[in-house]
Amino acid sequence: MLRLPQFEVATPSTVREAIELYTSVEGALIVAGGTDLVPNMKHELFTPPLVVSLANIASLRGIARIDKGWLSIGAMTTLADVATSDLVTAQAPALAQATGLVAGPQLRAMGTLGGNVLLDTRCQWYNQTYFWRQALGFCLKKDGSKCHVVEGGSKCVAAASNDSAPALMTLGAILVFEGPAGRRSVPIDDLWLADGIVNKRLEPGEILVEIQIPPTAPGHRGAYGKLRERGSIDFPLLGVAVALDVDNKSKIERADVVLTALQARPLRIKRAHETLVGHEVGTSECATAIEVTAELAHKQCHPMPNILGDHDWRREMVTVYVRRTLKAAIDRSGPVHHV
């Protein structure tokens with residue numbers, strides 16, 4: 001049995017109180033739903049003296065329409081609530097699908113959107129027990145000086161594995177943080193760093209409080225595809241988010257494709273917009289554009305043996321999943337999660 005290390009828990013009722021507690025103790029950590037942090041603490045990847053829980057801060061929960069058609073989602077809103085929200089499904093279908101494919105129903109009932117956005121990177125050499133990691137000599141990300149993925153590598157290549165992130169990127173989401181210096185809004189594209197140890201630009205002591213999604217076009221269509229070992233529970237071996245805006249003549253006027261679980265940050269497929277825009281959905285020309293986009297993704301994506309699953313097979317599945325997810329977005333046929 002894996003035991004939790006000894007720590008104190010604080011349960012503030014306001015964001016300001018949470019920030020004060022978070023910054024008052026060196027090494028303190030924030031916990032939202034706890035579905036990722038608690039297992040990681042059992043593995044002694046984190047041993048904080050204080051854990052500040054956001055569970056009692058009611059203002060961090062909820063989904064609402066705000067000014068000019070923007071959608072506001074509190075960071076402590078559960079993944080289950082996001083996945084089943086009529087507002088999210090109508091305005092951001094890829095996000096609803098992505099959150100509905102995170103883990104299993106019990107974990108979605110506990111896990112939060114904010115927690116998933118800020119999920120730590122993962123690696124099969126890192127997400128192990130202390131005993132296992134010690135026997136191996138540890139790694140760059142925790143306690144060691146060697147990368148077991150890239151021989152002689154000096155940079156951690158643990159993979160971003162948060163399903164919600166690519167969907168939010170295709171939607172142009174804004175992340176709202178609150179910290180000792182006040183509130184700041186960050187376009188989600190600007191959050192990421194290409195560093196598996198710390199892959200987010202965060203200011204000391206700040207907390208994610210809100211995710212804002214701009215209004216989408218009347219002809220917006222979105223989908224999310226997830227490759228994993230099992231039909232539930234598992235983290236993605238590959239995640240594909242697609243956003244398409246289709247005009248009243250059935251022509252694509254905007255396209256975006258973002259992938260996750262390949263490197264330390266989500267990866268946007270270059271030239272996907274140019275390849276798809278202008279094609280009428282349902283035509284042979286559009287089908288050809290989809291194939292070209294899938295091949296572009298294959299050329300740009302180079303999975304490494306940093307997570308479970310053969311990396312050569314995962315690369316071949318990039319083409320398959322980009323194609324399937326684009327078709328699912330066009331057809332409005334729901335998420336892609338074939339095993």
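Mentor: Two elements are in contact here when heavy atoms come within 4.5 Å. Axes are lines fitted to C-alpha atoms, for helices over the stretch in contact, and angles run from 0 to 180 degrees between N-to-C directions. Helices (H or I, at least four residues) and strands (E, at least two) are DSSP runs, numbered from the N terminus. With that, helix α12 (residues 311-331) lies across β9, β10 and β11 (252-260), running at about 150° to β9.

Trainee: What kind of model am I looking at?

Mentor: The model is predicted, so local features need pLDDT of at least 70 and side-chain atom pairs pLDDT 80 or more, while totals for chains, interfaces and linings use all residues. Numbering starts from 1 along each chain as its sequence is written, and side-chain values use heavy atoms, leaving out hydrogens and water.

Trainee: In what order do the strands β9, β10, β11 and β12 come in their sheet?

Mentor: Two strands pair if DSSP finds at least two bridges between them. Here the open sheet of 4 strands runs β9-β10-β11-β12, with antiparallel pairing. Its edge strands, β9 (220-227) and β12 (267-268), each pair on one side only. Between β9 and β10 (residues 238-246) there are 8 antiparallel bridges; Gly222, for one, has Ala243 of β10 as its bridge partner. Helix α5 (residues 93-100) also packs on this sheet, touching β9 and β10, at about 20° to the direction of β9.

Trainee: And which are the edge strands of the sheet with β4 and β7?

Mentor: That open, antiparallel sheet has 5 strands, ordered β4-β5-β8-β6-β7. Its edges are β4 (63-65) and β7 (182-187), each pairing on one side only. Neighbouring strands are turned by 25° against each other on average, direction ignored. Strands β4 and β5 (residues 71-74) share 3 antiparallel bridges, and Ile63 is partnered by Ile73 in β5. Helix α1 (residues 15-24) packs on this sheet against β6 (174-179) and β8 (207-213), making about 65° with β6.

Trainee: How do α11 and α12 cross?

Mentor: Two packed helices are described by the angle and the distance between their axes. The axes of α11 (residues 284-300) and α12 come within 8 Å and cross at roughly 145°. Contact residues include Ile290, Ala294 and Ala297 of α11, with Val318, Val322 and Leu326 of α12. By class, this contact has 8 nonpolar, 3 polar and 7 charged residues. Ala, Val, Leu, Ile, Met, Phe, Trp, Tyr, Cys and Pro count as nonpolar, Asp, Glu, Lys and Arg as charged, and the others, Gly among them, as polar.

Trainee: Which residues are closest to the centre of the largest cavity?

Mentor: A cavity is a set of points on a 1 Å grid over the protein atoms alone where a 1.4 Å probe fits but cannot get out; lining residues have an atom within 4 Å of a point. Grid points are joined across faces, edges and corners, and the volume is the space filled by probe spheres set on them. The structure holds 1 cavity of 30 Å³ or more, and the largest has a volume of about 90 Å³. Of its 13 lining residues, Cys123, Cys139, Cys147, Val149 and Cys156 are the closest to the centre. The lining has 10 nonpolar, 1 polar and 2 charged residues.

Note on methods: 1 Å grid on protein atoms, 1.4 Å probe; cavity = no way out; pocket = protein on both sides within 12 Å on 5 of 7 lines; lining within 4 Å.
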